[in-house]
Amino acid sequence: YGKYGGFTPLSETDVLDHLNKTFQSDLNDRMKLITKEVAKYRAGLACAPMHFFQVTYNKHTLTLDDLSTLDDQNWVNDQVINMYGELIMEATNHKVHFFNSFFYRQFVAKGYEGVRRWTKKVDLFSKTLILIPLHLEIHWSLITLDVSKQSINFYDSQGILFKFAVDNILKYILAEAKEKKQAVFQKGWRMVVNRTIPQQKNDNDCGVFVLEYCKCLAFMKPLLFTQEDMPRVRKRIYRELCDCRLSDCLNQDKAT
């Protein structure tokens, strides 16, 4: 409770594993009792929420309100998306670049000049992958750029294609190539729409799907998760944000 500001990232199986290790015994037959006791703690501590709790990492600050967007069926907010992107960049030694969620809006509103300084200290064309989350009204999607293949890839957990967004990103990368005098990247880009990817079965998990796409793609892992994994993925992302580092294993949820 003190480490994470609440019980959101905790599951009853976590408690069971901890008790089994502590007492060096198998307490699986006590699961009903464990669940009952955890529920008591949740109810009691809910009366005294840790409003002062926050996580600070580089220029990011997450409050308990931000982190609570990962709870249950809540919609993930920009702050969670952007700090998680920062963790991905750090974990890949900045071979992957993550544009925060305000980048696309700024480009659409003000054109290339409005975002030209965003890459003042970044060479996009030396990256293996560029991740661009899109928040279009009430839905999250993802555009990635595979620099070596010169492909612009679109990922959407509801199977929607926002071609205008891909066209905008194409305009951006061509303008960036011209600005940075990268002649080879001023032509030859192609669009790839990824249809056979994990899809959400509700109206609440698009942001979580985008973060999981980002993590898998950044580490070149297959997209094997499903809607049924989302409760565990939400808890894992919550822990990763509070720990300010990504977990070592992408399959930690299923292994647990």
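Predicted model: local features only at pLDDT ≥ 70, side-chain atom pairs only at ≥ 80, totals over all residues.

Trainee: Does Asp229 count as buried or exposed?
Mentor: The cut-off for a buried residue is a relative accessible area under 20%. The relative accessibility of Asp229 is 5%, so Asp229 counts as buried.

Trainee: Where is Asp123, and which backbone nitrogen lies 3.1 Å from a polar atom of its side chain?
Mentor: Asp123 is found in the loop between helix H5 (102-115) and S4. Its relative accessibility is 37%, so Asp123 counts as partly exposed.

Trainee: How far apart in space are Asp123 and Ala218?
Mentor: Along the sequence, 95 residues separate Asp123 from Ala218. From C-alpha to C-alpha, the distance between Asp123 and Ala218 is 17 Å.

Trainee: Which element supplies the largest share of the largest nonpolar core?
Mentor: The largest nonpolar core has 44 residues, and Tyr213 and Leu241 have the most contacts inside it. Several elements supply at least two residues each, including strand S1 (54-57), helix H4 (78-91) and H8. The largest share of this core is 10 residues, and it comes from H7.

Trainee: How many residues does the second, separate core have?
Mentor: Among the members of this second core are Phe107, Ile130, Ile132 and Val147. The number of residues in this core is 27.

Trainee: Which element gives the most to the lining of the largest pocket?
Mentor: The largest pocket has a volume of about 590 Å³. It is lined by 18 residues, and the closest to its centre are Lys59, Glu86, Met89, His97 and Trp118. H4 and S3 each supply at least two residues of the lining. With three residues, the element that gives the most is H4.

Trainee: What value is phi of Gln24 near?
Mentor: Most residues other than glycine have a negative phi. Gln24 lies in the loop between helix H1 (12-23) and helix H2 (31-45), and Gln24 is exposed because its relative accessible area is 73%. Its phi is positive, near 50°.

Trainee: What value is phi of Lys181 near?
Mentor: Lys181 belongs to the loop between helix H6 (163-179) and strand S7 (190-193). With a relative accessible area of 72%, Lys181 is exposed. Its phi is also a positive value in a residue other than glycine, near 55°.

Trainee: Why is Cys242 described as buried?
Mentor: Cys242 is in helix H8. Beyond its neighbours within four places in sequence, Cys242 is in contact with Lys3, Tyr4, Phe53, Val55 and Leu67. Cys242 is buried because its relative accessible area is 14%.

Conventions. Residues numbered from 1 in each chain as written. Heavy atoms only, no water. Buried < 20%, exposed > 50% of the residue type's maximum accessible area, 1.4 Å probe, protein only. Core = buried A, V, L, I, M, F, W, Y, C linked by side-chain atoms within 4.5 Å. Helix = DSSP H or I, 4+ residues; strand = E, 2+ residues; numbered from the N terminus. 1 Å grid on protein atoms, 1.4 Å probe; cavity = no way out; pocket = protein on both sides within 12 Å on 5 of 7 lines; lining within 4 Å. Points joined across faces, edges and corners; volume = space filled by probe spheres on them. Contact = heavy atoms within 4.5 Å.
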